[in-house]
Amino acid sequence: MPVLPGALGGFQAQLYLKIFGFSHVLKTGFLKWKPDYDSAASEYGKAAVAFKNAKQFEQAKDACLREAVAHENNRALFHAAKAYEQAGMMLKEMQKLPEAVQLIEKASMMYLENGTPDTAAMALERAGKLIENVDPEKAVQLYQQTANVFENEERLRQAVELLGKASRLLVRGRRFDEAALSIQKEKNIYKEIENYPTCYKKTIAQVLVHLHRNDYVAAERCVRESYSIPGFNGSEDCTALEQLLEGYDQQDQDQVAEVCNSPLFKYMDNDYAKLGLSLLVPGGGVKKKAAAPPQATPKGHTTPAAEDEEDEYAGGLC
């Protein structure tokens with residue numbers, strides 16, 4: 001019986017792999033026609049644990065990959081996927097995040113093929129978290145894939161949560177066209193599950209994104225379409241948005257700033273709150289001034305403008 005791998009050091013782990021790996025369980029002979037992939041996978045799994053405990057992550061990753069191949073040859077897709085995922089986590093320990101994500105994605109596809117979509121979704125979400133700070137664009141893709149898996153399983157609350165993560169990353173990257181579509185999808189799901197107050201918040205997010213796209217028409221349409229959501233018309237959110245659009249349309253920066261600095265906007269998700277605080281009206285934010293009323297003058301006297309007008313036609317038209 002081999003020694004338990006958890007107690008092995010690096011050199012012992014290598015010896016363990018050499019002695020108890022493929023070398024003795026995959027050989028065939030006169031009485032053994034088929035390699036014992038199940039035992040090989042087990043031995044490689046033990047070796048991977050030994051390497052991991054010895055902080056030898058490169059060797060641990062290799063052992064996990066060999067374990068995965070053995071499980072694949074044995075048609076054990078779920079266990080193969082687990083081994084690929086573990087190999088990805090070893091790459092994470094080595095700060096090789098793009099390579100780690102590739103292996104975790106491969107594992108998620110195998111989970112789906114095996115008929116375990118929940119595990120696939122969790123793996124994709126984990127990969128998104130790993131890569132979010134390094135490659136936000138890839139993280140968006142992973143979160144959207146995760147949302148699709150949950151949506152296909154009719155787990156809409158989990159799906160919309162992942163869509164929200166994707167939307168915020170798109171806003172952070174100032175990819176406003178894609179963000180507008182993503183937020184609309186969130187809003188549709190919240191409406192489907194009858195979470196109407198969150199629909200109101202998503203309308204605010206939509207309007208801010210559209211105004212940063214300089215698309216006042218789309219922003220106004222979002223508010224108009226939201227009147228059909230139960231409770232929106234007359235709500236605090238609706239009133240604030242109407243004031244925001246009015247200020248934006250009239251190029252009144254003071255009114256826009258007042259709305260965007262209100263608690264309703266400031267305590268939204270940080271990415272949307274920042275959109276509100278940085279929103280500028282077109283035309284440099286100069287408030288439109290109403291025409292000044294004519295000044296009262298003593299009887300018989302005219303203003304200079306009136307005198308100029310009279311002088312202009314003093315000699316007639318010819």
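Helix H9 (156-172) is covered by H7, H8, helix H10 (176-192), helix H11 (196-212) and H16, among others. Of its 17 residues, 12 are buried, so H9 is mostly covered. The model is predicted. The chain holds 17 helices and zero strands.

**Helix H9**

- The buried residues of H9 are Leu156, Ala159, Val160, Leu162, Leu163, Gly164, Lys165, Ala166, Ser167, Leu169, Leu170 and Val171.
- The 17 residues of H9 should span 24 Å at 1.5 Å a residue. The end C-alpha atoms of H9 are 24 Å apart, which agrees.

**Helix H8**

- Helix H8 covers residues 136-152. At 1.5 Å a residue, its 17 residues should span 24 Å, and its end C-alpha atoms are 24 Å apart, in agreement.
- Buried in H8 are Lys138, Ala139, Val140, Leu142, Tyr143, Thr146, Ala147, Val149 and Phe150.
- These buried residues pack against helix H6 (97-114), H7 and H9.
- Glutamate 154 follows H8 and has a positive phi, near 60 degrees.

**H5 against H7**

- Two packed helices are described by the angle between their axes and the distance between the axes.
- The axes of helix H5 (residues 77-93) and helix H7 (residues 117-131) come within 12 Å and cross at roughly 10 degrees. An angle under 35 degrees counts as roughly parallel, so H5 is roughly parallel to H7.
- On the H5 side, the contact involves Phe78, Glu85, Met89 and Lys92. On the H7 side, it involves Thr119, Ala123, Arg126 and Leu130.
- By class, the contact residues are four nonpolar, one polar and three charged.

**Aromatic pairs**

- The structure holds four aromatic pairs. A pair of aromatic rings is described by the distance of the centres and the angle of the planes.
- One of the pairs is phenylalanine 78 with tyrosine 111. The ring centres lie 5.5 Å apart and the planes stand at 55 degrees, so the pair is tilted.
- Phenylalanine 78 sits in helix H5 and tyrosine 111 in helix H6, so this pair ties together parts that are 33 residues apart in sequence.
- Phenylalanine 78 counts as partly exposed, at 26% relative accessibility. Tyrosine 111 is buried, with a relative accessible area of 0%.
- Tyrosine 227 and phenylalanine 232 also form a tilted pair, because their ring centres are 6.0 Å apart and their planes are at 50 degrees.
- Tyrosine 227 is partly exposed at 34% relative accessibility. Phenylalanine 232 is buried at 0%.
- Tyr200, Tyr227 and Phe232 form one aromatic cluster.

**Serine 278**

- Serine 278 lies in the loop between helix H16 (270-277) and helix H17 (304-312).
- With 39% relative accessibility, serine 278 counts as partly exposed.
- Serine 278 and leucine 208 are 70 residues apart along the chain. Their C-alpha atoms are separated by 10.0 Å.

**Whole chain**

- The chain has 318 residues, of which 43% count as buried.
- Among contacts with a separation of 6 or more, 55% join residues 24 or more positions apart.

Conventions: Residues are numbered from 1 along each chain as its sequence is written. This is a predicted model: local features need pLDDT of at least 70, side-chain atom pairs count only at pLDDT 80 or more; totals for chains, interfaces and linings use all residues. Side-chain values use heavy atoms; hydrogens and water are left out. Axes are lines fitted to C-alpha atoms, for helices over the stretch in contact, and angles run from 0 to 180 degrees between N-to-C directions. Helices (H or I, at least four residues) and strands (E, at least two) are DSSP runs, numbered from the N terminus. Angles under 35 degrees count as roughly parallel, over 145 as roughly antiparallel, 65 to 115 as roughly perpendicular and the rest as oblique. Contact means heavy atoms within 4.5 Å. Ala, Val, Leu, Ile, Met, Phe, Trp, Tyr, Cys and Pro count as nonpolar, Asp, Glu, Lys and Arg as charged, and the others, Gly among them, as polar. The expected span of a helix is 1.5 Å times one less than its number of residues. Buried means under 20% relative accessible area, exposed over 50%, partly exposed in between (1.4 Å probe, protein chains only). Rings of Phe, Tyr and Trp (its six-membered ring) pair if their centres lie within 6.5 Å; planes under 30 degrees apart count as stacked, over 60 as edge-to-face and the rest as tilted.
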